[in-house]
Amino acid sequence: MTLFFSTLTPAASALASAPAVPKPSAAPAAPGPSAAPEAPVAPEADEPGSCAPLALAPFGDPGDAVAHGTLPVAGQTCFTVDAKAGPHLVMSAGRSEGVAAYVNGPDGRRLDCVSYYYDVGRCTFPTDGTYTLLVSSSDTSAARDFEFSVVPLNSARGCSDPVGAAWNAQPRQSKTTHTLQVNCQPFDGAVGERYASFASGAQYIHSWIANAAGSEVCPRFSDDNAGCKLSGEGPFRLLSYPSQRLGPVDYAVQLGSLSRPEGCPAVEPRAYGTAPSPAAGVRCRELKVPAGGLFFVAPVAMQWSYVYDRDGKELCRSGWCSFPAAGSYTLMVGDPNAVVDPSVAYATAFLDRTSTAGCVPVGEGVHVGELTSAGQFDCLQLPGAAGSRLAALVRRGPVSLGVDVQVLDAKGEAACTDRDLSLGSCALTGTAPFRALVSAGEETGTYAIALLRTDTQPAGCAPLRQGTFDDDDASTLTTGNGTFFGCLSIPADAHATSELIQLTPVTGNAYVTLSVLDASGALVCVRESYTGGWNICPLTPGVAHTVLLAGRDTPASYTLSRRDVTATARGCLAGPVTEVGGPSQTGRRVPLGTVRCHRVTATAATDRVRIDARDPKGAINIAVTNADGNAVCGYRNRACVVTGSTSYLTLLEVPARLQSADTYRLDAWRIGTADGPAAECPRAASAAYGHAPLTGVLTEQRTAVCAVLPTARLDRLNVTVQDTTGGNAQAGVALYDITYTDRCNRSTDGYTCSAPYEPATGPSPTVLVVSLPEASPTLSYRAETTCGSVICGDEDVSISSVSPGTAPSGTTVRMTLKGTALHAKDTIALLVNGTRRTATVTSVSEDWRTLTADLDLRGVREGTYTVSHIGYVGGERHPASLTVTAPVAHLTGTFVPVQPTRLMDSRSGLGVAKAKIGPAGTVTLQVAGRGGVPATGVTAVVLNVTATNPTAGTFVSVYPDGTTRTSASNLNVAARATAPNLVVVPVVNGKVSFYNHAGSVDLLADVSGYYTG
């Protein structure tokens, strides 16, 4: 396709790579197949800088005024055109594929041209002068043919004979003999008048009206649907060309005046019950409107129609049309983009909405009528005063015409909708008498309508008895053999305030409507279905109600039943609400086509009660009502959470397309109270990266586990549950927000759950529930919950403490970090002289607040170094420093700090006898298995040893029990003084010995860590 200018937006028309001054390439010219040999062609290779002259093309066959040739690979050429100021069309033939065209003005500046349709550009030449047409190819692999012409729109040269604007005139036949041809038909029109133009052929024909200056009178994209209003100066012309210009095209054009319509047959409003105006040709009608108001206007068997006033403005389209005043109006029919043959005949329905001419009085009962003509309307004058209610039930079936019914008051105002009529709740509002208009479009035949007053009890309606949930008490209605509706009554003194009304097809499969109306005829509830079903209907105490069944006149039978769904419902199983995961309640089989009930009782109306029914076939659906019979949980195949009552009725049903199981299990848990989530659900301290795995066995006695997560707004959690026995059973997973709405969706590999949008800030706690699956009475499970957001909850990564603060060189020290949002993939390192010595993370607590990591200090010299923490989610922190002390002889392994704990105090008898240690005395202390020190695997302990109240200056030696003491001193103290020291002592048999050299002294020992490995 030719790349032409810009589409709709002139400012985007320039091609950035094209030069502003023409520089033709040396490409040999090749005449296009439809061009004359003497037409201008591309410059030869030995004519650099020259542009071939191009004459302006006339309307009709352009003759020699065509630029054509062949562009070499990525080549270009140019042509000069002498033109006067005004709008011009630059036409391109379909063979100009891959070719772009631009127009430069006399001053060398590119014009802003617009391309609306296909390969046609519209350019406004600002002044008289010589213009340059630049043609270039973007094809880098092959040569490209081109063919262009320039047509001045402000010229009449080449226009054909004038075309008439009478509607009954034959369409003007047009033809293009050249691929670049634009046709022109003048017509006699005055400024301000409105016209409609049409064009059609084997392909789309683009047509428009232009004035003498060549300006398009009616924009292509306009909200004015009122025909084309002539502006500027005449003569006016109808211009046209085919969309695909690959050869000769035959087509027709048509013009009609909307301001001075001629040749339109006149029609007047007809009486109801009569045929529309006789069929006639011509695509218009003159509508004789006797007075302002609503009239029905529609051509019979014609798809489009438009009504115009005498100013040529669109007033309405087919259907009910509001006319502002008496007078003549124009109806135009047919495709607004195509010519319509005047010989095509059609009838016209034209009716006064307020007229009673032809109306037939009718009473209650079945009215039978006949529509004998396409487009006919019957009018039935109805019984009943203003304020009454009415049902109009249409007989539908193979031998009856399905009609539309509309009820109007005396002023023509609609009293109600057709749906209100079909349900029996049509309120006759407005001014009596009331009329029903009956129509069937273009169909004809016999129809029947049952007219019933519903603000009084219709005669002949048998009582509908109230049953229970453990019986099959029901009433039967049948259709066929002329019967297409039925009615039943609900006695005023024999119903609850809320009842389940069920419709069950027995034979036949026709579409039926069941409606329940109160004593005033107001609609209470409705059921529309092929397969039946049930509704929960609120019934007014002490008031009788009517049940209407509208079906088809085909053989079918139905049963109708009603049951109490309030706290007084009969025939229900019963059980209490339990804690989360409490024992399930067993129910009996729910046969297809029946509804069973199961009552559960809560402790407080503020409790949040989760109710679910499970069966081995996964087929059972539930709905829940409260003690008043109000539905608090919609029909579903999943759990729901209810509140606001202490008694709930669970209604259970198996859809007709599924199979019933022999039993079902009902879970009814209190998952929340007025104080928040259930107390038995453990509160997680953090949900930063999810929740610790939940494991165990679910049974019908232990049906679920739960946890409260401190999530925040928009958190996303991914939950996967495995059957640890290797089976395929899939546990149920729910995440309830603060409104107790389940926020989980099942996915291919688990569940995706999310916290709600509210509150905007702060925590938004959720309750995670893992429950038994539908078909399995037991499940061994492992549920893993991970955070799908960066960090869940309202915590950020933080470090509050790091221990120990010192450790000897040559060992591996176990670092303990306390904080929030700590992760196993965090990076802990010691910054040593420009290098990073990375620790190995060994554990993270379930609340993500304690992290341990082993740091290898072999080769690290004595000194104080910075501890670095890089979070799993990013960001580096320097929360502490570590002092590396001199290495301890013969000591290797991993240092594990513990909370400092006192193991020995000779003053109180803790760990040793209650007595001072005398001169050359020794005491032995058990350290393994005490104060956080493991009972086995310990190679050394770190003790803070204190000597106090010595009677003489002395020193104390600490050494492994079971070994020979050396003369080394660990602690020196003067008489009556106190002296502490940190001692690292190997452990051989789980004990440590303390030797006092002189006098008597009390000794204390606090453990702060140990070594392993």
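## Close-up views of a predicted model

**Figure 1. Four aromatic residues gather into one group.** F295, F323, Y329 and F350 make up a single aromatic cluster. Before looking further, keep in mind that this structure is a predicted model. Within the view, find F323 and Y329, an aromatic pair with an edge-to-face arrangement: the planes are 65° apart, and the distance from centre to centre is 4.8 Å. Are these two residues buried or exposed? F323 has a relative accessibility of 2%, and because buried means under 20%, F323 counts as buried. Y329 has a relative accessible area of 6%, so Y329 is buried too.

**Figure 2. Two phenylalanines meet at an angle.** The whole structure holds 19 aromatic pairs, and this view shows the one formed by F296 and F377. The ring centres of F296 and F377 are 4.6 Å apart.

**Figure 3. Arginines sit over aromatic rings.** Here you can look at two places where a charge meets a ring. In one, the charged end of R283 sits over the ring of F198, at 3.7 Å from the ring centre. In the other, R353 has its charged end over the ring of W320, and the distance to the ring centre is 4.6 Å.

Figure 4. Start with strand β8, which covers residues 129–137. How many of its nine residues are buried? Seven of them are, so the strand is mostly covered, given that buried means under 20% relative accessible area. Strand β4 (residues 76–83) runs antiparallel to β8, and eight bridges join the two. To find one of these bridges, look for C78, whose partner in β8 is L134. Strand β6 (residues 99–104) also pairs with β8 in the antiparallel sense, over six bridges. There, A100 has S136 of β8 as its bridge partner. In a regular strand, side chains alternate between the two faces of the sheet.

**Figure 5. A disulfide joins C113 to C123.** The whole structure contains 15 disulfides, and three of them are shown in this view and the next two. The sulfur atoms of C113 and C123 are 2.2 Å apart. The torsion about their S-S bond is about 120°, so this disulfide is right-handed. C113 lies in the loop between β6 and β7 (120–125), and C123 lies in strand β7, 10 residues apart. C113 is buried, with a relative accessible area of 0%, and C123 is buried with a relative accessible area of 0%.

**Figure 6. A disulfide joins C159 to C184.** In this link the S to S distance is 2.0 Å. The torsion about the S-S bond is about 80°, so the disulfide is right-handed. Where do the two cysteines lie? C159 is in the loop between β9 (144–152) and β10 (172–176), and C184 is in strand β11 (residues 183–187), so the pair ties together parts that are 25 residues apart in sequence. C184 is buried, with a relative accessible area of 2%.

**Figure 7. A left-handed disulfide joins C461 to C487.** The S to S distance here is 1.9 Å. With -100° about the S-S bond, the link of C461 and C487 is left-handed. C461 sits in the loop between β33 (445–453) and β34 (462–463), and C487 sits in strand β37 (residues 485–490), so the link ties together parts 26 residues apart in sequence. Both cysteines, C461 and C487, are buried.

Figure 8. In soluble globular proteins, nonpolar side chains tend to be buried together.

Definitions and conventions. Residues are numbered from 1 along each chain as its sequence is written. This is a predicted model: local features need pLDDT of at least 70, side-chain atom pairs count only at pLDDT 80 or more; totals for chains, interfaces and linings use all residues. Side-chain values use heavy atoms; hydrogens and water are left out. Buried means under 20% relative accessible area, exposed over 50%, partly exposed in between (1.4 Å probe, protein chains only). Helices (H or I, at least four residues) and strands (E, at least two) are DSSP runs, numbered from the N terminus. Two strands pair if DSSP finds at least two bridges between them. Rings of Phe, Tyr and Trp (its six-membered ring) pair if their centres lie within 6.5 Å; planes under 30 degrees apart count as stacked, over 60 as edge-to-face and the rest as tilted. A charge sits over a ring if NZ of Lys or CZ of Arg is within 6 Å of the ring centre and within 35 degrees of the ring normal. A disulfide is a pair of cysteine sulfur atoms within 2.5 Å.
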